[in-house]
Amino acid sequence: MSKPKPRGPQTQHTGVYKIEAIKDAAESLNINITDVVASALASDVEYRIHQAIEVSAALNTLFFLHNDNQEATRFMRHGRRTTMTTSDIDQAFRVLNIEPLYGHTSTNLPTFRKALPFPHVAAAGPVYFVEDEEIDFDRVLREEKITLPKGVSWTAHWLAVEGVQPLIPENPPAIPREPEVDAKKTETLANGNGPLAQNAAAKRQQQQQQQQQQLVKQVLSRELQLYYSRLTESLLPPSNDFAKRTAALASLRNDAGLQALLPYLIRWVGEGVVGSLKEGMQSENDGKILEVMMDVISALLENNTLFVEPYLHQILPPVLSTLLHSTLPPSHATHLRTTASQTLSRVLTQHSTTYPSLSPRIMKTLLLALISPGKSKGTREGAIRGLVGVGKEAVRKGLVEGGGAKVVESECRNSADAGPLINSVMDALRVLQPTTDMIISLDPNNQLDAEVLAQLRELLGDLFAMRVAENAAWARKILGMSRSDEEL
């Protein structure tokens, strides 16, 4: 029987990690281990450290290489660094599913101190330890508490609702109004005629101007204020440069970023129209100003980048005032009323769906101006052209069914200067004229045509009935009948 071979002498541990370090860690935990166990643990610890160092040599790489020599340098090479940091070790531990070491950062390096020598262990060699800062809890509790700010978050709020800015913390605060004077004191100053009342009125007017200027400075930028001044100067009649006026209107028609300037432009137009119409008889200069104001409103409505709906209540009064004013400059009257009618038509086309009551209210205003007694010829002409701008049904209801044409016919029967008014009625009735290749007039000897002519005289009056009778299809279209209906 063969004897077992005797084991050779135990090989000495030749690794980098010392067995003494393993024994010191075990003794700190009150564990006694032999040299064989310490050697095995040292080899395993060395392997784990070697593995972590290899993995941490290239941070956040996207490729994993199977060659050990290449894998040892993949993290550091990918990190474009030649010096390993503690963050590399932490990332390597996370990749290996090992809990990282806390308290070690690349920006706050630990401070090591050398311990005093141990007399009873002379062979231990120099020992280093990390110096921990002693923290005084009383000092920490007395210090001011620092509250961490909230994280970045998103929230929605209304900047403006129908042109009105809500008073919420997210919006800038409203401009405070100056305190009002006592009501009794104001009434006393207003009823007085002395210098005290005059000084109070002048002071009040000066305060209003200062408040308005301050408001403009706070709302409008310097560029918009300069743009506003140059624009108004180039549009007003004293500036006879047609090229500048055309460029200014084109700017209003196409430029974006004019929303902040929109209320000031509309107010400027309203003041210009009121200033031109407040006197009895308008001059040629007033007619040019009114033409410019109508062109400005039309340009603002054509600009698709402007939100005009909150200002419709300020746009319609200048348009209707120009349309229904009794005395306009003779050379500009027809053009002004036609332009105002087209502007009114654009307003209704763009905003009648949003405001369903807008069209009926305008219709009521135009019908009152057309049918009410005591109105001037200019007002009736403007009302007729306004009905044309509203649409065909408005013309039918105003001139035919409402009796507007008959009212105009009774006024123009013995008037010598009724030419523009008669022409406006005929232009409005032509909106109802169908397109036909052959024009056949009504025959009074024909019974059916005679009945149509009688209805025309009853609805339109003799003057307009005879003019419409020249086209039989036009006459039947105005009455809302066809040839086949009449034969039945």
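This note goes through a predicted model point by point, from its basis to its salt bridges, helix packing and surface.

1. Basis. The model is predicted, so local features need pLDDT of at least 70, side-chain atom pairs count only at pLDDT 80 or more, and totals for chains, interfaces and linings use all residues. Residues are numbered from 1 along each chain as its sequence is written, and side-chain values use heavy atoms, with hydrogens and water left out.

2. Salt bridges overall. The structure holds ten salt bridges, a salt bridge being a side-chain nitrogen of Lys or Arg within 4 Å of a carboxyl oxygen of Asp or Glu. Side chains of opposite charge can pair when their charged atoms come close.

3. K23 and D35. The side chains of K23 and D35 form a salt bridge, with N and O 2.1 Å apart. This pair links distant parts of the chain, as K23 is in helix α1 (residues 19-28) and D35, twelve residues away, is in helix α2 (residues 35-55). Helices here are DSSP runs of H or I with at least four residues, strands are runs of E with at least two, and both are numbered from the N terminus. K23 has 27% relative accessibility and therefore counts as partly exposed; D35 is also partly exposed, at 47%. The cut-offs are under 20% relative accessible area for buried and over 50% for exposed, with partly exposed in between (1.4 Å probe, protein chains only).

4. E302 and R253. A salt bridge joins E302 to R253, and their closest N and O atoms are 2.7 Å apart. E302 lies in helix α12 (residues 284-302) and R253 in helix α10 (residues 242-254), so the bridge ties together parts that are 49 residues apart in sequence. E302 is partly exposed, with a relative accessible area of 27%, and R253 counts as partly exposed at 28%.

5. E302 and R346. E302 forms a salt bridge with R346 too, where the closest N and O atoms are 3.7 Å apart. R346 belongs to helix α14 (residues 333-351) and E302 to α12, so this pair connects parts that are 44 residues apart in sequence. The relative accessible area of R346 is 32%, which means partly exposed.

6. A network. Salt bridges also link R337, E381, R385, D427 and R430 in a network.

7. α13 and α15. Helix α13 (residues 312-324) packs with helix α15 (residues 358-371) at an angle of about 25°, and their axes are 12 Å apart. The two are therefore roughly parallel. Axes are lines fitted to C-alpha atoms, for helices over the stretch in contact, and angles run from 0 to 180 degrees between N-to-C directions. Angles under 35 degrees count as roughly parallel, over 145 as roughly antiparallel, 65 to 115 as roughly perpendicular and the rest as oblique. The crossing of α13 and α15 is right-handed. A crossing is right-handed if the near helix is turned clockwise from the far one by less than a right angle, and left-handed if anticlockwise.

8. α15 and α17. The axis of α15 also comes within 10 Å of that of helix α17 (residues 392-401), crossing at roughly 30°. That makes α15 roughly parallel to α17, and this crossing is right-handed.

9. A nonpolar patch. F112, Y128 and V130 make a nonpolar surface patch of about 330 Å². Patches are made of residues with over 30% relative accessible area and no salt bridge, with like charges joined within 9 Å and nonpolar side chains (Val, Leu, Ile, Met, Phe, Trp, Tyr) within 5 Å. Accessible areas come from the Shrake-Rupley method with a 1.4 Å probe, and for residues only the protein chains shown count as cover. Y128 is in strand β2 (residues 128-130) and counts as exposed at 53% relative accessibility.

10. N30. This residue lies in the loop between α1 and α2. N30 has a positive phi of about 60°, although it is not a glycine. With 74% relative accessibility, N30 counts as exposed.

11. Two C-alpha distances. G15, in the segment before α1, is 24 residues from S39 in sequence and 8.8 Å from it in space, C-alpha to C-alpha. G15 counts as partly exposed at 23% relative accessibility. P420 is in helix α19 (residues 419-430), and 9.6 Å separates its C-alpha atom from that of A333, 87 residues apart along the chain. P420 counts as partly exposed at 42% relative accessibility.
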